[in-house]
Amino acid sequence: MSTTDNAATGVPMCAEHPTRAAVGTCERCGAFFCGACASPGGLSFCKNCEARRRYVAWEDMSLGRGQRFFDTVRSSITELPRFASELPLQGGFRAPLTFALLPNLLASVIVAAIGVLFIGAMMHAPLFATSKQGDAVSLIGAVAVFVTYFATALGSVLAYLTVWAGVLTGSARVFGAEGLRYESMFRILCYASGLNGLYVVPVIGTLVLVYHVVVTVFVISAQGRVSALTALAIIGVPAVLLGTCCCGSYLLFFFTMLSRH
Ligand SMILES: [Zn+2]
Ligand SMILES: [Zn+2]
């Protein structure tokens, strides 16, 4: 008789909790697990195997920072199915947020710098004026423009990650994806943002968006146990609704203004 079987009833008991009835068997090690020991997301692994199965290079502290970043981006492209099923969806917000901000901050700096040069050129205000006074004025102006662009870019990234994660969590629930909580969605969006730094490059910007959506769809599909099509709907339906609302209110505003004249 197995030590994990209840002697009286023959009901299999949890390997960790001998007093609790098992709700499943681990696909990897064969151990019985109770509800509390089952892996999140409805996967058929015990907690221990689940923890060992999870991996994202960014959170592997045995690697250097640069390697952690590039390994994460590389595996999300070259080994996407494995990346999607192994991505740890628990473990807090800090690590994924740092991962997402790194390329975005870089891009923000570039956008801000372009903004400074562009506005400088538009106003015919040379950034490198000859007089001392002109120097100071254009420098202050340049710094102000830079800070504004930078703050706007950073703010929109943070707003996107926090708000969109909430929208997708609700959408995932509506479409019947299992166990994808706010934290899970936030982490997915962050880890699908590795290429975001390239959005400033024309044409490639569109590919970055496609990459972001594809990675998000793969992870939601693999870990929420839904088809790729359902995962696409989880993202697409709220995106279309939001787009329609924005366009609608914009048009309404436009025609209201027009009818006043
Ligand atoms: Zn196991
Ligand atoms: Zn247990």
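These legends accompany several close-up views of a predicted model.

**Figure 1. The whole chain, as a starting point for the close-ups.** The chain holds 8 helices and 2 strands, and from the N terminus on they follow the order β-β-α-α-α-α-α-α-α-α. Of its 261 residues, 29% are buried. Looking at contacts with a separation of 6 or more, 53% join residues 24 or more positions apart.

**Figure 2. Confidence along the chain.** The average pLDDT of the chain is 85, and 88% of the residues score at least 70. Among the elements, helix α1 (residues 47-53) has the lowest mean pLDDT, at 80. At the other end of the range, helix α6 (residues 182-191) has the highest, at 97. A friendly word of caution for any view: where pLDDT is low, the predicted coordinates should not be read in detail.

**Figure 3. Helix α6, largely enclosed by the rest of the structure.** Here we return to the helix with the highest mean pLDDT among the elements of the chain. Of the 10 residues of α6, 8 are buried, so the helix is largely enclosed by the rest of the structure. The buried residues are Ser184, Met185, Phe186, Arg187, Ile188, Leu189, Cys190 and Tyr191.

**Figure 4. Thr98 and Cys190, brought together from separate stretches of sequence.** Thr98 sits in helix α4 (residues 94-122), while Cys190 is one of the buried residues of α6. The two are 92 residues apart in sequence, yet their C-alpha atoms are 8.5 Å apart in space. Is Thr98 buried or partly exposed? Thr98 counts as partly exposed, because it has 13 C-beta neighbours inside 10 Å, and a residue needs 20 or more to be buried.

**Figure 5. Helices α7 and α8 packed against each other.** Helix α7 spans residues 204-223 and helix α8 spans residues 228-259. Their axes are 8 Å apart and meet at an angle of about 120 degrees, which means that α7 is oblique to α8. The crossing of α7 past α8 is right-handed. On the α7 side, the contact is made by Val213, Thr216, Val217, Ile220 and Ser221. On the α8 side, their partners are Ala228, Ala231, Leu232, Ile234 and Ile235. Sorted by class, this contact has 8 nonpolar residues, 2 polar ones and no charged ones.

**Figure 6. Leu232 and Val213 within the α7 and α8 contact.** Leu232 belongs to helix α8, and Val213 is one of the α7 residues in the contact. Along the chain the pair is 19 residues apart, and 8.2 Å separates their C-alpha atoms. How is Leu232 classed? Leu232 counts as partly exposed, because 17 C-beta neighbours lie inside 10 Å.

**Figure 7. The loop between α7 and α8, with Gly224 and Arg225.** Gly224 is buried, because 24 other C-beta atoms lie within 10 Å. Arg225 has 16 other C-beta atoms within 10 Å, so Arg225 is partly exposed.

**Figure 8. Met13, in the segment before β1.** Why is Met13 classed as buried? Met13 is buried because 21 other C-beta atoms lie within 10 Å, and the cut-off for that class is 20 or more. Cys34 is shown with Met13: the two are 21 residues apart along the chain, and their C-alpha atoms are separated by 7.4 Å.

Conventions: Residues are numbered from 1 along each chain as its sequence is written. Chains are lettered from A and ligands numbered from 1 in the order in which they are written. This is a predicted model: local features need pLDDT of at least 70, side-chain atom pairs count only at pLDDT 80 or more; totals for chains, interfaces and linings use all residues. Axes are lines fitted to C-alpha atoms, for helices over the stretch in contact, and angles run from 0 to 180 degrees between N-to-C directions. Helices (H or I, at least four residues) and strands (E, at least two) are DSSP runs, numbered from the N terminus. Angles under 35 degrees count as roughly parallel, over 145 as roughly antiparallel, 65 to 115 as roughly perpendicular and the rest as oblique. A crossing is left-handed if the near helix is turned anticlockwise from the far one by less than a right angle, and right-handed if clockwise. Two residues are in contact if their C-beta atoms, placed from the backbone, lie within 7 Å. Ala, Val, Leu, Ile, Met, Phe, Trp, Tyr, Cys and Pro count as nonpolar, Asp, Glu, Lys and Arg as charged, and the others, Gly among them, as polar. A residue is buried if 20 or more other C-beta atoms lie within 10 Å of its own, exposed if 12 or fewer, and partly exposed in between; C-beta atoms are placed from the backbone. pLDDT is the predictor's confidence in each residue, from 0 to 100.
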